[in-house]
Amino acid sequence: MAKVGEGDARWIVTERSDGANVNQWHWTEKDVSDWLKTTIARLFENQSVVDTGSVKCTTTSVASGDYECTVFNRKGKVSFIMDCNFSGGWEGKLYDEKGEELDTIKGKFTFVELDHDTNWEDVQIDLTVTTECEVVEECMRKAGRTALRKQVKALLEELRAQHMVQNKVAQTTTNTRTTPVPKSPTTENKDFTTVKHILEYQAPARELYEALTDEGRMSAYTRSQSRFEKKEGGAFSILNGSISGTVLSLKEEALIQLKWRVDNWPAGHTSTVDIALDPVTKGVTTLTMTQKEVPTSDVERTKVGWAQNFWEPIKMLFGYQYTWKEGKPN
């Protein structure tokens, strides 16, 4: 039996002044952007990335970048969302057989995008040079890029170890970050219909309401940038702007009404979305989503989109199991 204060920190009861949110059992989030910036500087500055004897390349400094990273904790499950890009300098030298320096070139490396879905082996690295030396450039393009990608691997491993992030189960299932497939209705299409989903979640209405209105949680389970102004008349944007609109009405823990638009719908067309939350028993809630004025040519994609981008990811991240009552996509 573990002694008090020992063991996995996720299971140690701390800061329990009122018994609420013991050990961050409910949703918490932490901005670790400063940690990300500092760690990138440590891992990517003054690093030897090529050493063949005749060619040596090193990084110099990280010059600029954008660093955003947030760690989320829900019921001991820790995940993260990251959006980062940065650039730095590098220097390469060419030597002869006697070790005499023949040439020196300088250049720049740029990581165009690092995010929470990054596969370190495939990450894009742009390289530029201020002076030319084909032998050194070729080594940097091949061995240098490989070494820089291994530093990305080290960065992700440190992030998971430092903040106790588990590998996300959702990554082994449907990619919830998928934006709507271009299947554009024509501007002449005047036929619209209604999409309705009814699900029974093993979760309190309060938790589902927060999952559908809190932009931090939405960003986490969609694994994309989300914005949601939690007020009537507020704007929202989901899936990196693929879906946007206006909040029409909010009733705490009971009803969410939205004016909803997908970016490739006919110009100016919007639909209305009503999400009703009805408690069944303690910890069980019926969720009824009704979306009106959906273009008939977009019905199937809309049905699948709700399931893949919302219902299933909410289950995977927060552990809220559900059963379909009506409207399950084929």
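Me: Which side chain does the side chain of His197 join through a polar contact of 3.0 Å?
Reply: A polar contact of 3.0 Å links the side chain of His197 to that of Trp311. The model is predicted, and every value discussed here is computed from it. The His197 side chain also reaches a backbone atom, the oxygen of Gly327, at 3.2 Å.

Me: Is His197 buried or exposed, and where is its place?
Reply: A residue is read as buried when its relative accessible area is under 20%. His197 has a value of 0%, so it is buried. Its place is in strand E7, residues 192-201. Leaving out residues up to four places away in sequence, His197 touches Leu287, Thr288, Met289, Lys303, Trp306, Trp311, Trp324, Glu326, Gly327 and Pro329.

Me: Which residues is Trp311 in contact with, leaving aside neighbours within four places in sequence?
Reply: Besides His197, the contacts of Trp311 are Leu199, Tyr201, Leu212, Leu287, Met289, Trp306, Tyr322 and Trp324.

Me: Which members of the largest nonpolar core touch the most other members?
Reply: This core has 42 residues, and Tyr201, Trp260 and Trp311 touch the most other members. The element that gives the most to this core is helix H5, residues 299-318, with eight residues. A second core of 36 residues is separate and includes Cys69, Phe86, Trp90 and Leu94.

Me: In what order do the eight strands of the open sheet lie?
Reply: In general, strands of a sheet pair through backbone hydrogen bonds, either parallel or antiparallel. Here the pairing is antiparallel, and the order is E8-E9-E10-E11-E12-E13-E7-E14.

Me: How many bridges join strand E11 to strand E12?
Reply: Six bridges join E11 (residues 255-262) to E12 (residues 271-281), and the two strands run antiparallel. As one example, Gln257 has Asp274 in E12 as its bridge partner.

Me: How many residues of helix H4 are buried?
Reply: Seven of the eight residues of H4 (residues 215-222) are buried, and the helix is mostly covered. The buried residues are Gly216, Arg217, Met218, Ser219, Ala220, Tyr221 and Thr222. The N-terminal end of H4 is capped by Asp214, whose side-chain oxygen lies 3.2 Å from the backbone nitrogen of Gly216. Just after the helix, Arg223 has a positive phi of about 50°.

Me: What is the phi of Leu239, and what is the phi of Glu293?
Reply: Leu239 has a positive phi near 55°, and Glu293 has a positive phi near 65°. Leu239 is placed in the loop between strand E9 (235-238) and strand E10 (243-251). Glu293, by contrast, is found in strand E13, residues 284-295. Leu239 counts as buried because its relative accessibility is 0%, whereas Glu293 counts as partly exposed at 40%.

Me: How many helices and strands are there in the protein chain?
Reply: There are five helices and 14 strands. Of the 330 residues, 45% count as buried. The chain exposes about 17100 Å², of which carbon and sulfur atoms supply 47%. Among contacts with a separation of 6 or more, 59% involve residues 24 or more positions apart.

Definitions and conventions
Residues are numbered from 1 along each chain as its sequence is written. This is a predicted model: local features need pLDDT of at least 70, side-chain atom pairs count only at pLDDT 80 or more; totals for chains, interfaces and linings use all residues. Side-chain values use heavy atoms; hydrogens and water are left out. A nonpolar core is a set of buried Ala, Val, Leu, Ile, Met, Phe, Trp, Tyr and Cys residues joined through side-chain atoms within 4.5 Å. Buried means under 20% relative accessible area, exposed over 50%, partly exposed in between (1.4 Å probe, protein chains only). Helices (H or I, at least four residues) and strands (E, at least two) are DSSP runs, numbered from the N terminus. Contact means heavy atoms within 4.5 Å. A polar contact is a pair of N or O atoms within 3.5 Å; within protein, one must be able to donate a hydrogen and the other to accept it, and residues adjacent in sequence count only if both atoms are side-chain atoms. Accessible areas come from the Shrake-Rupley method with a 1.4 Å probe; for residues, only the protein chains shown count as cover. Two strands pair if DSSP finds at least two bridges between them.
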